[in-house]
Amino acid sequence: MKSTIRDISLAPLGQSKIDWVAPRMQVLNIVRQEFEKTQPFAGKNVVICLHLEAKTAYLAHVVRAGGANVTVVASNPLSTQDDVVAALVQQGIQAHAWYNATDEEYKHHLQLALDTEPDFIIDDGGDLVSTIHTTRPELLKKVKGGAEETTTGVLRLHSMAKDGVLKFPMIAVNDAQCKYLFDNRYGTGQSVWDGIMRTTNLVVAGKTAVIAGYGWCGKGVAMRAKGLGAKVIICEINPIKANEALMDGFEVMPMVEAAKFGDFFITVTGNTNIINKEHFGHMKSGAILCNAGHFDVEVNVAQLKEIALSERTARNNITEYTLPTGQKLYVLAEGRLVNLAAGDGHPAEVMDMTFALQALSLEYVAVNHHKLSPGVYQVNSEIDEKVAQLKLQSLGLSIDTLTQEQRTYLASWSPEAD
Ligand SMILES: NC(=O)c1ccc[n+]([C@@H]2O[C@H](COP(=O)([O-])OP(=O)(O)OC[C@H]3O[C@@H](n4cnc5c(N)ncnc54)[C@H](O)[C@@H]3O)[C@@H](O)[C@H]2O)c1
């Protein structure tokens with residue numbers, strides 16, 4: 001089937017982006033070599049629904065090296081890089097996506113990808129899984145399973161499983177230790193500030209960053225804000241996370257109070273309506289608002305539009321809203337994931353681990369789907385450890401191993417063992 005992309009002539013630029021990341025994803029390269037021999041997806045159709053940038057493109061190549069017919073489709077309309085997608089198509093991988101697709105186009109692209117009748121899928125945020133279940137029930141017998149990339153998608157899968165509607169097995173890649181400890185924390189921590197800084201070209205040191213959500217992503221964003229010299233305020237709803245933030249040296253308060261102090265506001269809760277009309281009026285003129293959570297529902301841009309007297313594009317990816325009070329508030333990337341919609345996403349070395357988990361989890365589903373009933377599964381602990389080991393190996397590092405004496409000591413319970 002023909003691909004649906006913007007401009008094939010962009011392929012050389014996209015290819016150079018893929019060529020830059022590929023040698024820096026060394027765990028994935030080891031997986032690729034294994035797949036070339038074992039061909040776990042021989043003759044199978046795989047649809048990959050992720051942010052379509054260079055690291056994802058390389059994952060698509062690795063899955064294809066395992067024998068699959070791969071189709072890629074966007075998990076977010078603003079993170080698609082048209083040059084990268086063009087490069088994939090030129091290399092014979094089918095793609096249905098373009099940057100800034102309308103809601104209608106985005107949904108249509110998902111349908112076109114599903115026309116390939118996938119055996120296996122990789123999803124990010126749950127749109128592909130929910131589209132299959134709600135609009136393409138005839139595919140439910142064909143899809144044997146897949147893997148989900150992010151916190152929000154895993155939450156949606158659990159809701160589907162709880163309601164008894166999830167019809168195939170999905171691996172919660174997000175919940176593997178080699179995912180959230182590195183991707184959510186260090187990846188989001190670095191790439192969110194990269195996105196904000198390259199978009200605004202403003203200083204962070206000495207300013208106040210208000211971060212909503214102190215989960216794995218929020219911790220990374222806060223840690224890097226501190227490193228850049230910002231004062232950090234955390235907004236949370238979970239008292240344990242709030243105590244953790246306090247002990248990590250941050251101020252903690254509700255958003256309605258924090259609104260007065262922030263120069264930068266970053267939402268990363270996976271929840272909805274975190275910054276809204278209750279808060280805008282309290283903010284300093286010049287405040288910058290952005291989101292790093294999966295969906296564009298955390299900063300209530302619709303309400304900001306309603307109360308603003310005017311709006312204009314202040315700079316690429318920055319919308320200025322002027323309120324009746326004269327305050328000017330700036331929203332980055334329309335409130336979509338700032339690190340992907342106004343940046344290149346996580347560093348290649350971080351996505352190396354995430355996408356190695358994705359590739360190995362998909363192989364696990366391909367080999368074991370006969371034994372897996374519909375539901376949400378954790379990443380097999382052997383896969384998690386394998387990725388960690390391969391990462392150390394690729395960095396030329398080794399670690400200690402337990403001696404037999406230590407093993408016996410750890411397994412003993414009698415007082416004589418002390
Ligand atoms: N930008 C990226 O590249 C990227 C990467 C990974 C995950 N994500 C997305 O980021 C979001 C967060 O992921 P995570 O792994 O940190 O999740 P998490 O569950 O570890 O953390 C979310 C935190 O938000 C808090 N929270 C919920 N509602 C809140 C509210 N109303 N106010 C303040 N805090 C609230 C929760 O208590 C929790 O501590 C998800 O949508 C996830 O899919 C984005």
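I began with strand S8 (residues 231-235), which is joined to S9 by two bridges, the two strands running parallel. Within that pairing I looked up Ile 233 and found that its bridge partner in S9 is Glu 251. I note at the outset that this is a predicted model, and I read every entry below with that in mind.

I then followed the sheet to which these strands belong, which is open, has eight strands in the order S9-S8-S7-S10-S11-S14-S13-S12, and shows mixed pairing. Strand S9 (251-252) and strand S12 (310-315) are the edge strands, and because each has a single partner strand, one side of each is left without a neighbour in the sheet. Helix H8 (residues 177-200) packs on this sheet, where it touches strand S7 (208-212), strand S10 (264-267), strand S11 (288-291), S12, strand S13 (318-322) and strand S14 (328-332), and its direction makes about 140° with that of S10.

Next I looked up Ala 245, which I placed in helix H10 (residues 239-247). Is Ala 245 buried or exposed? I recorded a relative accessible area of 0% for Ala 245, so this residue is buried. Leaving out residues up to four places away in sequence, I listed Tyr 214, Ile 234, Phe 250 and Val 252 as the residues that Ala 245 touches. I also checked Ala 245 against Gly 126, and the two are 119 residues apart in sequence and 29 Å apart in space, taken from C-alpha to C-alpha.

I turned to the other sheet, an open one in which seven strands follow the order S3-S2-S1-S4-S5-S6-S15 with parallel pairing. Its edges are strand S3 (94-96) and strand S15 (375-378), and since each has a single partner strand, one side of each is left without a neighbour in the sheet. I noted an average twist of 20° from one strand to the next.

Strand S1 (residues 45-50) runs parallel to strand S4 (residues 120-123) and is joined to it by three bridges, with Ile 122 in S4 as the bridge partner of Ile 48. S4 also pairs with strand S5 (residues 145-148), again in the parallel sense, over four bridges, and there Phe 120 stands opposite Gly 145. I recalled that side chains in a regular strand alternate between the two faces of the sheet. In S4 both faces are covered, with Phe 120 and Ile 122 buried on one side and Ile 121 and Asp 123 buried on the other. Helix H6 (residues 127-135) lies across S1, S4 and strand S6 (169-172), and I noted that it runs at about 130° to S4.

For the nonpolar cores, I recorded 77 residues in the largest, where Leu 28, Ile 48, Val 63, Val 72, Ile 121 and Ile 132 have the most contacts inside it. Helix H15 (residues 348-368) gives the most to this core, with 11 residues. Setting aside neighbours within four places in sequence, I found Val 63 in contact with Phe 41, Val 46, Ile 48, Ala 68, Val 70 and Leu 362. Another core, of 30 residues, lies apart from the largest one and includes Ile 211, Cys 217, Ile 234 and Val 338.

Last, I examined helix H1 (residues 11-21) and helix H3 (residues 54-65), whose axes come within 8 Å and cross at roughly 80°, which means that H1 is roughly perpendicular to H3. Lys 17, Ile 18 and Val 21 of H1 meet Ala 54, Lys 55, Ala 57 and Tyr 58 of H3, and I counted the residues of this contact as five nonpolar, two charged and no polar.

Notes. Residues are numbered from 1 along each chain as its sequence is written. This is a predicted model: local features need pLDDT of at least 70, side-chain atom pairs count only at pLDDT 80 or more; totals for chains, interfaces and linings use all residues. Side-chain values use heavy atoms; hydrogens and water are left out. Axes are lines fitted to C-alpha atoms, for helices over the stretch in contact, and angles run from 0 to 180 degrees between N-to-C directions. Angles under 35 degrees count as roughly parallel, over 145 as roughly antiparallel, 65 to 115 as roughly perpendicular and the rest as oblique. Contact means heavy atoms within 4.5 Å. Ala, Val, Leu, Ile, Met, Phe, Trp, Tyr, Cys and Pro count as nonpolar, Asp, Glu, Lys and Arg as charged, and the others, Gly among them, as polar. Two strands pair if DSSP finds at least two bridges between them. A nonpolar core is a set of buried Ala, Val, Leu, Ile, Met, Phe, Trp, Tyr and Cys residues joined through side-chain atoms within 4.5 Å. Buried means under 20% relative accessible area, exposed over 50%, partly exposed in between (1.4 Å probe, protein chains only).
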